[in-house]
Amino acid sequence: MLSDLIGNRRIKDVLTRLAASERLPHSLLFVGDQGIGKKLFALEMARTLVCRSAKEGHACGECASCKRADKFTFPKSEDKDEYKKVIYSEHPDIGMVLPSGRNVVVDAVRDLEREANFRPYEAKARIFIIDEADKMNDAASNALLKTLEEPAATTYIFLITSRPDSLLSTIRSRCQVLRFAPVETIEIESHLISKGKFETMDAALATRLSNGSVSRALSLDLKKFRAQREAMLGVVSSVLRDDDRTVMLRISERMNDAANKDAYEETLNILQIVIRDLWLVCIGDEEKVVNADILTELQEAAKNGRPDRLAGWERQIETMREGLAVNINRKIATDALFMQMAAG
C-alpha cells in the first residue's frame with residue numbers, strides 16, 4: 001500500500017484522496033531526483049487501480065491482481081527489439097515503456113498509443129508507465145502527445161523523470177505534476193536497520209551518502225566505499241601537507257586505467273565528498289560531515305587545509321564535470337584537475 005512506502009507523505013495523501021474519490025488524473029508526471037521512490041509510487045497507484053478490493057484509495061495487497069501488478073520480466077539490454085513495445089507485468093492491464101540505451105524509442109510510444117485505446121482486459125483501468133520519460137526524442141514525444149490530448153476514459157499514463165525540463169512543455173502542461181522530495185534521513189536510516197541490511201553505524205553512513213535516496217542507500221557497497229575513501233583521503237592529505245604532485249598523477253593514472261575506468265565517476269564522487277567534508281571541518285561545521293565515522297582523521301588532515309583552497313578544489317571538480325559532459329579527454333582533464341589542486 002502507499003502507506004508502506006518511505007517518505008513523501010504529502011504525495012501519499014494526495015494520491016490516496018484522488019484514488020478514493022475516483023478523481024485521479026489520467027496523466028501524471030512524477031518528478032524528483034533519481035532513486036527516491038517515484039517508480040514505486042507509480043507502481044503502487046497502478047496496483048490500486050487494478051485491485052479487486054481497493055478501499056479508501058488503498059490496494060488490498062492480497063488479491064490476485066495486487067500480487068501480479070508489479071511482477072515484470074524485463075528484457076536484456078541487447079534485446080533491442082523488445083524495447084520497441086510496451087512491456088507488461090503479469091497483470092495484462094499494467095504496462096511499462098523503458099528506454100533502450102539513451103532513448104525511449106518512438107516505436108514503444110506508438111505501441112502505447114495503440115494499446116491505450118483498448119478496453120481493460122481484467123480491471124477497470126489500464127495503466128502505462130513511461131520510465132525516464134525525459135529520454136523521449138521529438139518523434140516519441142509527439143506520438144505521446146496524441147494520447148495525452150484525448151485519453152481513453154479507462155487509461156492512465158504515468159511519466160517518471162528526474163529531468164522535467166527535458167520534456168516538451170506541451171507534455172508537461174497536459175500532466176498533473178507530483179514533485180517528490182528526498183526522503184528524510186531518519187526514515188532512511190530506520191528503513192535500512194529494519195531491513196537488516198546494515199548495522200546501526202553502517203546504516204548511518206549509508207544514509208548520509210544516499211542524498212535522500214532509499215535505493216541508493218540500499219545499493220551501497222560500504223566495504224568498497226571505505227577502501228576508495230581511504231585512498232582519496234590519503235591523496236588529499238598528502239597534497240595538503242606536501243603539495244605532492246607525484247601522488248596526484250599516480251592516482252589520476254589509476255583512476256583512468258582499464259581496470260578502474262568503470263568506477264571513475266564513483267571515485268570522483270568520493271574525492272569530492274572527502275574535500276567537502278574537509279572544508280566543513282575547516283569552517284567548524286562538523287555536524288554536516290558525511291564521513292562522520294572518520295571525523296578524527298578528517299580533523300587531522302584539515303589542520304593543513306584552508307577553506308578557500310578546499311572550496312576552490314570543489315569548484316574545479318565541478319568545472320571538470322561540465323567538460324566531461326561535452327566529451328573532453330578524461331585522462332587529460334583529470335591530470336589537469338590534480339595539477340591545479342596541487343598548485344594551490
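# Reading helices, cores and contacts

Me: Which residue just after α7 takes a positive phi?
Reply: Glycine 196, with a phi of about 75°. Keep in mind that this model is predicted.

Me: Is asparagine 8 buried or exposed? And asparagine 211, buried or exposed?
Reply: Use the cut-offs: under 20% relative accessible area is buried, over 50% is exposed. Asparagine 8 has 13%, so it is buried. This residue sits in the segment before α1 (9–20). Asparagine 211 has 55%, so it is exposed. Its place is the loop between α8 and α9.

Me: Back to α7. Which residues of helix α7 are buried?
Reply: α7 spans residues 185–195, and its buried residues are Ile188, His191 and Leu192. Now look down the axis of α7. These buried residues fall within an arc of 100°, so they line one face of the helix. On the other side, Ile186 and Ser194 are exposed.

Me: What covers the buried residues of α7?
Reply: The cover includes α8 (200–209) and α9 (214–219). Alanine 206 is buried, because its relative accessible area is 0%. Not counting residues up to four places away in sequence, alanine 206 touches Leu192, Phe198, Ala217, Leu220 and Leu222. Leu192 is one of the buried residues of α7.

Me: How do I read a nonpolar core, and how many residues has the largest one?
Reply: In soluble globular proteins, nonpolar side chains tend to be buried together. Here the largest nonpolar core has 48 residues. Those with the most contacts inside it are Leu268, Leu271, Ile275, Leu278, Trp313 and Phe338. Helix α12 (residues 264–282) gives the most to this core: ten residues. A second, separate core has 34 residues, including Leu5, Leu15, Leu18 and Tyr156.

Me: What is isoleucine 275 in contact with?
Reply: Leave aside its neighbours within four places in sequence. Isoleucine 275 is then in contact with Val236, Leu310, Trp313, Glu314, Ile317 and Met341.

Me: How do I describe the packing of α12 and α14?
Reply: Two packed helices are described by the angle between their axes and the distance between the axes. For α12 and helix α14 (residues 307–325), the angle is about 155° and the axes are 8 Å apart. The two helices are therefore roughly antiparallel to each other. Their crossing is left-handed. On the α12 side the contact includes Leu268, Leu271, Ile275, Leu278 and Trp279. On the α14 side it includes Leu310, Trp313, Glu314, Ile317 and Leu324.

Me: At what angle do the axes of α11 and α15 cross?
Reply: Roughly 155°, and the axes come within 9 Å. Helix α11 covers residues 245–256 and helix α15 residues 330–343. Because the cut-off for roughly antiparallel is over 145 degrees, α11 and α15 count as roughly antiparallel to each other. Here α11 passes α15 in a right-handed crossing. Among the contacting residues of α11 are Met248, Leu249, Ile251 and Met255. Those of α15 include Thr334, Phe338, Met339 and Met341.

Me: One last case. Does arginine 68 count as buried or exposed?
Reply: Arginine 68 counts as buried, because its relative accessibility is 19% and the cut-off is under 20%. Arginine 68 lies in helix α3 (residues 64–69).

Me: Which residues does arginine 68 touch?
Reply: Skip residues up to four places away in sequence. Arginine 68 then touches Arg52, Ser89, Glu90, His91, Pro92 and Glu122.

Notes: Residues numbered from 1 in each chain as written. Predicted model: local features only at pLDDT ≥ 70, side-chain atom pairs only at ≥ 80, totals over all residues. Heavy atoms only, no water. Buried < 20%, exposed > 50% of the residue type's maximum accessible area, 1.4 Å probe, protein only. Helix = DSSP H or I, 4+ residues; strand = E, 2+ residues; numbered from the N terminus. Arc of directions from axis to C-beta. Contact = heavy atoms within 4.5 Å. Core = buried A, V, L, I, M, F, W, Y, C linked by side-chain atoms within 4.5 Å. Axes fitted to C-alpha atoms, helices over the stretch in contact; angles between N-to-C directions. Parallel < 35°, antiparallel > 145°, perpendicular 65-115°, else oblique. Left-handed = near helix turned anticlockwise from the far one by under 90°.
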